[in-house]
Amino acid sequence: MPTCQTACLFTPPPLAPVHTISWNQPLVWLSRALRDIANAPLMSMAHGLILILIGAVILTVGHNRFWLMAGALSGFLVVGPLVATSLYAISRAIERGETADWNLIRKTWTQWQSCHATGRGGYWCMVKFGALLALAATGWVLISASLITVMSPVHVETLQDFITHVVLAKDGQLFMQWMALGSFLAAPIFASSVVAMPLMLDRRVTVRQAVLTSWSVVLANPGPMALWAALIVLLTLLGLGSYLLGLLVVMPLLGHASWHAYRDLVDASAFASRDEPIEPAA
């Protein structure tokens, strides 16, 4: 007979119901995101500016290290949901008719500490999930560097070498392999995180519940989610390709839109709100 502990380990946790949406709903999320940016322009753009500064540091440190550039810039897609945490909070406040100010951002990024101390409440689950995303980004850096080092017929050391001998190579085979591998690794990360961070910000759920809910969303809406993933990649590439300046708008646009994606896709009303006070233990 399995013990209760063993049986509970394999018992699926309760999940929030998910909705099916039309294929073009991601475009609606972007339009709502523009409205949120207009309502809180300085705070929204500040997130984009922070990402630009991070990108500038990567460019400065890794301009002659292709493995760092190729992997770290791709990692923008992986850690983006974590960086956008306070953008979700801004969109939620606007939706509720509450004040969206700098104090809201401060509380969003510091409230996790209460959960770390008590084991309940706060945003500690989001910190743990963010650590997993960062670990995935690090793994992609290593895998990306290994693939190019082993497969490239020419020694690749700098970013210019990578562009010349991989991206612009005549047959393009290695670049296609690199892109295919990146897509293969990014797909489960996208499926695990598409609504996970907004859900954990909004409701008292575990990382496991949030990830499984994200997978349910993708499985229930493969077409719209494929379009959403393509829009994320396209807009991110536009932001990176404009010498990072485009991230000033792209970052808040995708962050606010992700909140609206969560609200359209998940009915989490059965779970306690994250900002409700916790009842003291008996």
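# Reading helix packing and salt bridges

Reply: In this predicted model, helix 6 passes helix 7 in a right-handed crossing.

Me: Which residues of helix 6 and helix 7 make the contact?

Reply: Helix 6 contributes Thr85, Ser86, Ala89, Ile90 and Ala93. Helix 7 contributes Leu104, Ile105, Thr108 and Trp109. By class, that contact has six nonpolar, three polar and no charged residues.

Me: How do I describe such a pair by geometry?

Reply: Two packed helices are described by the angle between their axes and the distance between the axes. Here, helix 6 (residues 85-96) and helix 7 (residues 102-110) pack at about 130°, and their axes lie 9 Å apart. Helix 6 is therefore oblique to helix 7.

Me: At what angle do helix 11 and helix 13 pack?

Reply: The angle is about 105°, with the axes 6 Å apart. Helix 11 spans residues 173-193 and helix 13 spans residues 207-220. Angles of 65 to 115 degrees count as roughly perpendicular, so helix 11 and helix 13 are roughly perpendicular to each other.

Me: Which residues meet there?

Reply: From helix 11 come Pro188, Phe190, Ala191, Ser192 and Ser193. They meet Ala210, Val211, Ser214, Trp215 and Val218 of helix 13. The classes are seven nonpolar, three polar and no charged residues.

Me: Now the charges. How many salt bridges does a search of the whole structure find?

Reply: Seven. The test is a side-chain nitrogen of Lys or Arg within 4 Å of a carboxyl oxygen of Asp or Glu. Arg32 is in helix 2 (residues 25-39) and Asp264 is in helix 15 (residues 247-265), 232 residues apart. Arg32 is partly exposed, at 25% relative accessible area.

Me: Which residues are linked in a network of salt bridges?

Reply: Arg92, Arg96, Glu98, Asp202 and Arg203. Take Asp202 as the entry point. Arg92 forms a salt bridge with Asp202, their closest N and O atoms being 3.5 Å apart. That pair joins helix 6 to helix 12 (residues 196-202) across 110 residues of sequence. Asp202 also bridges to Arg96, at 3.7 Å between the closest N and O atoms. Asp202 and Arg96 are 106 residues apart in the chain.

Conventions. Residues numbered from 1 in each chain as written. Predicted model: local features only at pLDDT ≥ 70, side-chain atom pairs only at ≥ 80, totals over all residues. Heavy atoms only, no water. Axes fitted to C-alpha atoms, helices over the stretch in contact; angles between N-to-C directions. Helix = DSSP H or I, 4+ residues; strand = E, 2+ residues; numbered from the N terminus. Parallel < 35°, antiparallel > 145°, perpendicular 65-115°, else oblique. Contact = heavy atoms within 4.5 Å. Nonpolar A, V, L, I, M, F, W, Y, C, P; charged D, E, K, R; others polar. Left-handed = near helix turned anticlockwise from the far one by under 90°. Buried < 20%, exposed > 50% of the residue type's maximum accessible area, 1.4 Å probe, protein only.
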